[in-house]
Amino acid sequence: APIRVPDLSRCDLAVDESVGDTPPLTLRFNCCLPLPSASRILDFSFDKYPPIRQHVRRPAHTAKEDYIAKYNKAYQLMRALPDSDPRSLKVQADIHCAFCNGAYMQAGADGNVPLQVHFSWLFLPWHRWFLYFHERILGNLLGDPGFSLLYWNWDDQVNGGNMMPEMFARNGTALYDAKRNPDHLPPAIVRLSPANNSTDTSVVVNENLNAMYQSVVTASTAELFAGGAYRTGSDLTNSSVISATLGGSVENGVHNGIHYWTGNPAEQLLQDMGTFSTASRDPIFYAHHSNVDRLWDVWRFKLPGGPRKDHSDPDFLDTEFLFYDENANLVKVKVSDALDNAKLGVSYKTVRADDLWINYSP
Ligand code: C2O
């Protein structure tokens with residue numbers, strides 16, 4: 001059966017553990033989400049959320065100063081909301097923590113099976129919905145419903161996309177996060193594959209193209225690219241073992257690579273970006289995931305050989321998630337409504353640099 005929405009009134013502490021230490025280092029977080037006073041859950045429909053304005057997401061490294069100022073303003077407003085407000089950056093981060101680190105149990109499963117939105121076919125649609133509402137909240141706070149997220153174009157190895165966008169590295173702004181790797185501020189070049197430790201820039205760039213090719217182009221099926229089946233009862237508690245087999249190539253590959261590269265190695269679990277419980281405290285998370293979401297579209301529609309196919313299993317399509325909208329309402333959404341960005345009013349500015357990894361020959 002498909003995953004249904006969990007009971008938000010039953011919440012446990014979230015547990016985050018280091019991988020590779022014996023015994024693992026364990027941190028516990030309270031990521032429990034605010035319950036709406038009316039305990040009313042809206043059902044998403046395209047009528048209730050008409051795409052009045054198109055959200056055209058552009059590469060962050062090309063943003064002009066006036067847009068950077070606006071982006072910064074949006075996160076200032078979001079950070080200024082009280083922690084109890086579902087639209088605050090605190091709660092936005094807690095949403096990710098809660099559904100990644102076991103705060104809620106799956107509805108309808110026997111026993112206590114934690115809900116986990118990583119390591120499976122849930123990964124891409126869950127994060128698409130997360131960005132959808134996050135972007136609407138920022139636009140609402142700005143009074144600009146057409147506000148669009150930027151994407152961190154880390155796969156672009158030729159025009160300057162492959163470093164932390166400078167706008168996020170300005171200390172003292174709302175886009176800054178102190179818990180990042182201090183050696184990876186611009187102009188350090190990203191390493192999409194953590195195994196890559198050459199100091200020669202041309203080697204790093206070539207490895208990055210290779211990592212993109214492996215994560216996106218070679219993954220010919222939805223199973224390979226987006227991840228395997230996760231249904232009611234699927235238990236990924238032992239996630240470090242299972243992620244390698246069930247998670248898709250884009251998640252396990254370049255997506256994880258950027259998380260690890262950005263997080264601070266002086267922190268116990270590579271906080272903020274390097275671990276689930278804290279990753280979305282960093283505003284760069286949403287730009288990172290906008291690129292992951294864009295790559296889903298590239299994989300679907302733009303690779304040689306014609307369109308590729310998403311999963312069509314009813315358990316995938318009928319999976320339900322909960323998010324807060326721009327009015328702090330709790331909304332129930334379905335995976336089937338997330339498969340077409342055009343319907344959601346979201347598009348990505350095409351960049352030519354994609355061709356370099358699309359046509360890479362390993
Ligand atoms: Cu929910 Cu990039 O991880």
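Residues Lys 70, Lys 73, Ala 74, Leu 77 and Met 78 of helix H1 are in contact with Ile 137, Leu 138, Leu 141 and Leu 142 of helix H3, two residues being in contact if their C-beta atoms, placed from the backbone, lie within 7 Å. The residues of this contact comprise seven nonpolar, no polar and two charged; Ala, Val, Leu, Ile, Met, Phe, Trp, Tyr, Cys and Pro count as nonpolar, Asp, Glu, Lys and Arg as charged, and the others, Gly among them, as polar. The model is predicted: local features need pLDDT of at least 70, side-chain atom pairs count only at pLDDT 80 or more, and totals for chains, interfaces and linings use all residues. Residues are numbered from 1 along each chain as its sequence is written.

The axes of H1 (residues 65-80) and H3 (residues 123-142) come within 9 Å and cross at roughly 95 degrees. Axes are lines fitted to C-alpha atoms, for helices over the stretch in contact, with angles running from 0 to 180 degrees between N-to-C directions. H1 and H3 are therefore roughly perpendicular to each other (angles under 35 degrees count as roughly parallel, over 145 as roughly antiparallel, 65 to 115 as roughly perpendicular and the rest as oblique). Helices (H or I, at least four residues) and strands (E, at least two) are DSSP runs, numbered from the N terminus.

Two cis peptide bonds are described here. Pro 186 and Pro 187 are joined by a cis bond with omega of about 15 degrees, and Pro 187 lies in the loop between strand S5 (150-151) and helix H4 (201-217). The bond from Gln 271 to Asp 272 is also cis, with omega near -5 degrees; Asp 272 is in the loop between helix H7 (249-262) and helix H8 (276-279).

Positive phi in a residue other than glycine is found at Phe 119, near 70 degrees, in the loop between helix H2 (89-98) and H3. Phe 119 counts as buried, with 25 C-beta neighbours inside 10 Å (buried means 20 or more other C-beta atoms within 10 Å, exposed 12 or fewer, and partly exposed in between). Ala 328 likewise has a positive phi, of about 70 degrees, and is located in the loop between strand S6 (320-324) and strand S7 (330-334). With 17 other C-beta atoms within 10 Å, Ala 328 is partly exposed.

Pro 2, in the segment before strand S1 (14-17), is partly exposed, with 18 other C-beta atoms within 10 Å. The C-alpha atoms of Pro 2 and Asp 318 are separated by 5.9 Å, although the residues are 316 apart along the chain. Apart from neighbours within four places in sequence, Pro 2 is in contact with Arg 231, Thr 232, Asp 315, Asp 318 and Thr 319.
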